[in-house]
Amino acid sequence: MESRSTVDSAAVARHERFGKLPERVRFEDMVEEKQATPNDPARDAYDPEGSWMSFSCLAADLGL
């Protein structure tokens with residue numbers, strides 16, 4: 001009879017610990033959105049005077 005109560009108390013302890021699922025985690029709590037790079041208007045601006053510097057041309061490289 002003593003072994004039966006030991007098993008029952010162990011089962012009760014297990015049921016208290018593992019008898020229910022954990023609380024659900026919302027999707028919004030799992031996801032974090034942030035900008036990959038900070039917004040830099042100077043980098044995104046078009047500069048027609050400086051655009052020729054990034055142009056690659058073999059004739060320009062040779063000075064022709």
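Glu28 is exposed, with a relative accessible area of 55%. Keep in mind that everything I'm showing comes from a predicted model.

So who does Glu28 talk to? Glu28 makes a salt bridge to Arg26, and the closest N and O atoms there sit 3.8 Å apart. With the cut-off at 4 Å for a side-chain nitrogen to a carboxyl oxygen, that pair counts because 3.8 Å falls within 4 Å. Arg26 itself is exposed too, at 51% relative accessibility.

Now, which other residue does Arg26 meet in a salt bridge? That's Asp29, at 3.5 Å, N to O. Arg26 and Asp29 are both exposed. Because these salt bridges share partners, Arg26, Glu28 and Asp29 end up in one network. And how many salt bridges does a search of the whole structure find? The count is 2.

Next, the greasy side of things. Val25, Phe27, Met30 and Val31 make a nonpolar surface patch of about 410 Å². Take Met30 out of that group: Met30 is found in helix α2, which covers residues 27-30. Met30 is exposed, with a relative accessible area of 55%.

Okay, zooming out. The chain has 4 helices and 0 strands, and reading along the sequence you get α-α-α-α. What share of the 64 residues counts as buried? It's 0%. Buried would need under 20% relative accessible area. As for the accessible surface of the chain, that comes to about 7,000 Å², and 56% of it belongs to carbon and sulfur atoms.

Last thing, confidence. The mean pLDDT of the chain is 79, with 80% of the residues reaching 70 or more. Among the elements, helix α2 has the highest mean pLDDT, at 90. At the other end is helix α4, residues 58-62, with the lowest mean, 73. Where pLDDT is low, the predicted coordinates should not be read in detail.

To recap: one network of Arg26, Glu28 and Asp29 joined by salt bridges, and a nonpolar patch from Val25, Phe27, Met30 and Val31. That's all from me, thanks.

Technical notes:
Residues numbered from 1 in each chain as written. Heavy atoms only, no water. Patch = residues over 30% accessible without salt bridge, like charges linked within 9 Å, V, L, I, M, F, W, Y side chains within 5 Å. Areas by Shrake-Rupley, 256 points an atom, 1.4 Å probe, with all protein chains shown as cover. Helix = DSSP H or I, 4+ residues; strand = E, 2+ residues; numbered from the N terminus. Buried < 20%, exposed > 50% of the residue type's maximum accessible area, 1.4 Å probe, protein only. pLDDT = per-residue confidence, 0-100.
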